[in-house]
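Reader: I am new to this structure. Could you walk me through how to read a few of its features?

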Amino acid sequence: MHPFQYLAPTTVKEVVSTLSRYGDRARCLAGGTDVLVQLRGGRFEIDALVDVKGVPELMELRLGADGLHLGAAVPCYRVYESPRVAKAYPGIVDSASIIGGIQIQSRASIGGNLCNASPSADSICSLIVHDAVARIAGPRGNREVEVAGFCVGPGKNVLRKGEFLVSIFVPKPAARFGAAYKRFIPRNEMDIAVAGAGASVTLNAKGKIVAARIALAAVGPTPIVASRAAASLLDREPTPEAFARAGDIAALETHPIDDMRGTADYRVELSRVLTRRTLAVAAERAKGAK
Amino acid sequence: MTITEKPQQQYKVIGTRPIRHDGLEKVTGRAVYGADVKFPGLLWGAVLRSPHAHARIKKLDVSKAAKMPGVFAVMTGADLVDLESKLVDMGEEIDNLAYTTKKLMADDKVVYKGHPVAAVAAVDLNTAQEALKLIAVAYEPLPVVLTVEEAMAPGAPLVLDDLVGEHLTGEARNTNIAKHTRYEFGDTAKGFARAAVTVERTFKLTMVHQGYIEPQNATAQWNQDGKLTVWTSTQGAFNVRDAVASILKMPESNIRVIPLEIGGGFGGKIPIYLEPVAAVLARKAGRPVKLVMDRKSVFEATGPTPGGTIRVKVGADSAGNITAAEADLRYEAGAYPGSPVGAGAQCIFAPYRLPNSRIDAYDVVVNKPKTAAYRAPGATQAAFAMESVVDEVAERLGIDPLEFRLRNASREGDRRADGPIFPRIGNVQVLQAAKRSAQWNAPLGAPSAPHKKRGRGVANGFWFNGGMKSSCNLAVNKDGTVAMVEGSVDIGGTRASIAMQAAEVLGIPAEDVHPTVGDTDTVGQTDVTGGSRTTFATGYAAYLAATNVVKQMMGRAAKLWEIDESGIEFKDGTFFSKSDPELRLTFKQVAEKLDETGGPLSATGTVNMRGAGGAFSTQIADVEVDTETGKVDVLRWTVVQDVGKAIHPAYVEGQMQGGAAQGIGWALNEEYFWDDKGNMHNSSFLDYRMPTALDLPKIETVLVEVPNPNHPYGVRGVGEAPIVAPVAAIANALRDALGTRFTETPMKPSRVLAAIKGGTLDGAATAASSNGASRRGRR
Ligand SMILES: Cc1cc2nc3c(=O)[nH]c(=O)nc-3n(C[C@H](O)[C@H](O)[C@H](O)COP(=O)(O)OP(=O)(O)OC[C@H]3O[C@@H](n4cnc5c(N)ncnc54)[C@H](O)[C@@H]3O)c2cc1C
C-alpha cells in the first residue's frame, strides 16, 4: 500500500483547505467501512486520509422544528437508537438498521454511504423518498443539492475539488406520511443488495394517496427515481392492485446490468416485487402516522 | 439423539462431553496461529500473482524491485529446481512434485489467474507490496479453457504442453484429459432392458471453496548449520516437511515443521503453497521470512473443490429394484492433474447394491486453480447427481424415497460398484433411523405466506474414511496425570477425542490427560488430519500407548507388592491383586511411587491403519421458497449418520452440523463466479456467499452407532460423510416444493425464480420442468 498521511482537522474550513490542497490524492474518512476496505483492496492510491469525525458539525444529530439535521459522519446506530428519529423517518431507519451488522453500524455513517455513491447503497433510496438534501461546503462557500441528484455514476458524486459533505437535511414529513426501504439479498445478513426499493406515500384525510416517491437501488448506475411509477399512485387508494401496477411501471424504469450479484433480468423482476412490497409497508405506516 | 445398535460395554470417559483441552486458550485468544508468529529481524514476504488465467511469460525483470530500499530478497520460478515427475501421497490427495513446483511459482507459463510469478521479502508488508509493483512482467495471453466441455473438445488449447494423459487406450499426448478410469460390472444394457422406469439426467456443478477463516501462512527460518524451521497452518506437518524436503532437495531430517493452531482446513490445508517460498526467500535474505495470504489469493490461488459435469442413468423394475446404473463424471482438476473424480466415482453408487453398473471418470485440466481436498472430496458432486436421479426413479414408481433407498441399500458383503466388498456398514440402520426421525414424521406445515411454497427432500451420502499412519507419546506424571504428545493437528476437537481414548484405557478422567500437538521433531510420523481418520487412527495410537502404560504400571505395582505381575488385574483405574483383596492401588497411587519403582514411565503408540469403516449420512431438508424472488429458506434439517462410536458426542454432532451447513451453502449460493477470461469476480467473503448463522436452522442430529470392528471402541470417521447428501437433499426438496428438478448448482434465487417462471432469467434454462408425475402424498 502506498504510504499516506492521516489528517484530522477540526473545522469545516480546515477540511476544505486540506481537500483543496490534495485534490484527488485525498479522501475523507468517516466510519471508514468503505474507504479503508477500498484502500486496502488497491482500488486507488492516496497521499492523505482526512478524518472528518473531529468536526463538530459532522457528528451532530438534531431533530429541529424544520426537520432532521444529520451530520455526515454520524454512525448508523445513533440514527436508529433515537426513538424520535425512528418515528418520524421510518425509511431512513429501515436503511440504517440493515447496513452491515452491529459492528459496521457502530462506525458506518449515512453520509459515507451517500458519498460512496454505490448504486447498491442502502440508505440513498430512503433519503430520496424522504426528500433529503445534501449540504456541501467548499472553497467557494456552501451549497445544497437534492440527494436525488447527488450521485452521478457508480462511485461518483457531484462533489467538486475541495468540497465535502457537511450534513444531510431531511424535511419534517407531512401528516399521514409513511416510508419504507427493502432490499433483496440471497442470504439473511451480510450481503449487498441485488436490488432495493425505497418508497414513501402521503395520504389525505380520506385515505387517498396525495404524494408518493419511489427510488430503486442496484438497478442502474445511480439510485433511480421511479417517478412514473410514483405518479401512477396519485389520487388512488393504497390498494394491492395500485401497488402492483406501480411495481410493474417501476420495473420499466430500471437500467440494470449483469454482474456476480445478479442478472439484469433478475434485477428487473426484483424491482417489481420490492416496489410493491415496500409501498405496502409505507402505506401501512402512513395510516398509523398522525 | 443417539441410537446404539447393540447395548455396549459401559464406558467411563467415552461418550461423555468434557470441555476440550484447548478450549480455554481459544476462547481467551491465547492460542497461537500462523499470523501470530513474530521474531526479531522478521521480514515480510509478498507474492506477485498472474493477472491472466493463461499466458506465456515473455519477460520477467525483478532488478528494480531487488534494488528498492528495504527489500532483502526476490525470487522467481528459476529459484525452484525443476523436479522429476514423482507422485507423493499428501493424505487425501496425490500430488505430482513436478507440477507442485510449477504451482508454487510459474516457470515460463501461467496457467490460472493468481498463479505466483515472483516473490519478495522486505522489512515490512507495505515495502514488500510496493516492491512487487516494480517487477516488470510481459505476458502473451493464451486462449483459456474453463470448463470440462471446452477442455475436452477436439482442438482445445492445451493447459499443459507436457501432460501425458492416462487414457483407457494407454498414454496420450496433446490432451487436457489427465486420466480416464472406468469401473464396469455386469451388463448394463441387459439391466436397462429389464427396467420399468429409466431416468437419465446431466448435472452441472460450479467450483466451490472450503471457506476456512484463516488464510494460508508460513514463516521460515534457517540456522547457520543448514537446518530449516517452518511454522505453518497445515493439516499435516509431516507432509509439509516431506514435500519441502523434496522441493528444496534437502534431507527431511534437516527440516522441522511446527504446525500452529489451524483456523479451518476442510482439506484445503493439505497442499503446500507458501512454505517453500518462505524458505527460499529466507535463505536468500539471511533472515526469517513470513508470508500470509490475503483473502483474494486464498480464493484465486488455493485449492477449491471442482465443478464439472455428471451424467447419471438409473433403471429400476416395477417392484422398485434397481436393475442397472451408469455414471459419467467429468471433474475440473484445475490447472494441474488431480481432481477428486476418482473418489467421486467410487462413492457415487456406494449406497446401492447394483447388479449391473458402469462408471466413467475423467480428470480434466482447465485454467483454474488446482483443486484440493474438500470434505469427502468429489462425493458431494456425485451424490447431487445420483441422489437426484434416484429420487426421480422412486417418484415415477410411486415409491416413498426412503423406502426405495432401503429396498436397494448396500449391506455388509455387497460389492461396491468399483470393486471392494463392504465390511460392516450402517447404511440400512441409518435409513431406518431416518424413517423414524422426528422430522420425517412431522408435517411440513402450511407456507408462511401465500406466495411461498414448501417442500421436503431426502438424500443419502457415503464416504470411505481413511486410516494411515499416526503416532502418540504418553508420559506419566507423578501426580497421576498423563502428558500426551500426538502428531495430529487438532481440527474440530481431536485433542479431546484422542485424549479421551487414552483416559478410558487408563481409568482416569479426560481432564487428567494433557494433550499437545507435536511437531516433526517431537513425535513419530503422523499423516494429515484429513480423511476423517484422526479420532480413528491417532486415537488408536493413543489406545496402544495407554495399554502399554497400563502394562508397565502393573509391573510397578508388582514391584511395590513384591508379587508376580500375572497376579495383578487392572479395572476402572485400579490395580488389584487377584488373590489378596487388601492389595489395591489406584492409577494415581502407583504414579506417586514411580521414583521408588524404577523412575520415569512413558510409552509410545504407532499405527498404520486400514479398515476405517465407511460412513453413511442421510439428511432430510424442509425448505420454503419465496416464489416471487426465488429465495430458499431452510426451515428444518436432520442429519442421520452412522458414526461407529461417538467418543465425544458434542464434537460428532458438531461435525455433522458443520458438514450439513457447508453443504447447504454449496447448494444454495456458493460459487466461483467467472468471466470468460478466467477471472473470478467474487473473491471476497462478501460476494462468495457462504451461509451465516441466520441462514441456517438448528440442525438436528441422529447418531447411529454401528461400531467399526477394526477399532477397539468401534470408531468410524465422522467429519466428511455429512457434506455428501445436502446438495441433493435441497434439490429434492425444491422438486417437492415447486415440481421442478434442478440440475445445476448453486440453486441460487435467480436460478430458482427462472425455473418458477419457466423462462431463462439466468441466461440458460437449467432446470428441467416437471414431468407431470403425481406428487407424493406425504403431509
Ligand atoms: C462488512 C460490511 C458490510 C456492509 N454492508 C453494507 C450494507 O448492507 N449496505 C450498504 O449500503 N453498505 C454496506 N457496507 C458499506 C459501508 O459500510 C456503507 O456504505 C457505509 O455507510 C459507509 O459509511 P462510512 O462512514 O464507513 O464511510 P467511509 O468509508 O468513511 O466513506 C465512504 C466514502 O465516502 C467518502 N466520504 C465520507 N465522508 C465524507 C464527507 N463528509 N464528504 C465527502 N466524502 C465523504 C469517503 O472518502 C469514501 O469515499 C458494508 C461494508 C462492510 C465492510
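Author: Buried means under 20% relative accessible area, exposed over 50%, and partly exposed in between (1.4 Å probe, protein chains only). This is a predicted model, where local features need pLDDT of at least 70, side-chain atom pairs count only at pLDDT 80 or more, and totals for chains, interfaces and linings use all residues. Residues are numbered from 1 along each chain as its sequence is written, chains are lettered from A and ligands numbered from 1 in the order in which they are written, and side-chain values use heavy atoms, with hydrogens and water left out.

Reader: Is Lys103(B) buried or exposed?

Author: With a relative accessible area of 7%, Lys103(B) is buried. Helices (H or I, at least four residues) and strands (E, at least two) are DSSP runs, numbered from the N terminus; Lys103(B) sits in helix H3 (residues 97-104) of chain B. Contact means heavy atoms within 4.5 Å, and beyond four places in sequence the contacts of Lys103(B) include Tyr112(B), Tyr336(B) and Lys370(B).

Reader: Which residue forms a salt bridge with Glu392(B)?

Author: A salt bridge is a side-chain nitrogen of Lys or Arg within 4 Å of a carboxyl oxygen of Asp or Glu. For Glu392(B) the partner is Arg741(B), with the closest N and O atoms 3.2 Å apart. Glu392(B) lies in helix H11 (residues 379-397) of chain B and Arg741(B) in strand E32 (residues 741-742) of chain B, so this pair ties together parts 349 residues apart in sequence. Both Glu392(B) and Arg741(B) are buried. Shared partners link them into one salt-bridge network, whose members include Arg201(B), Glu387(B) and Arg405(B).
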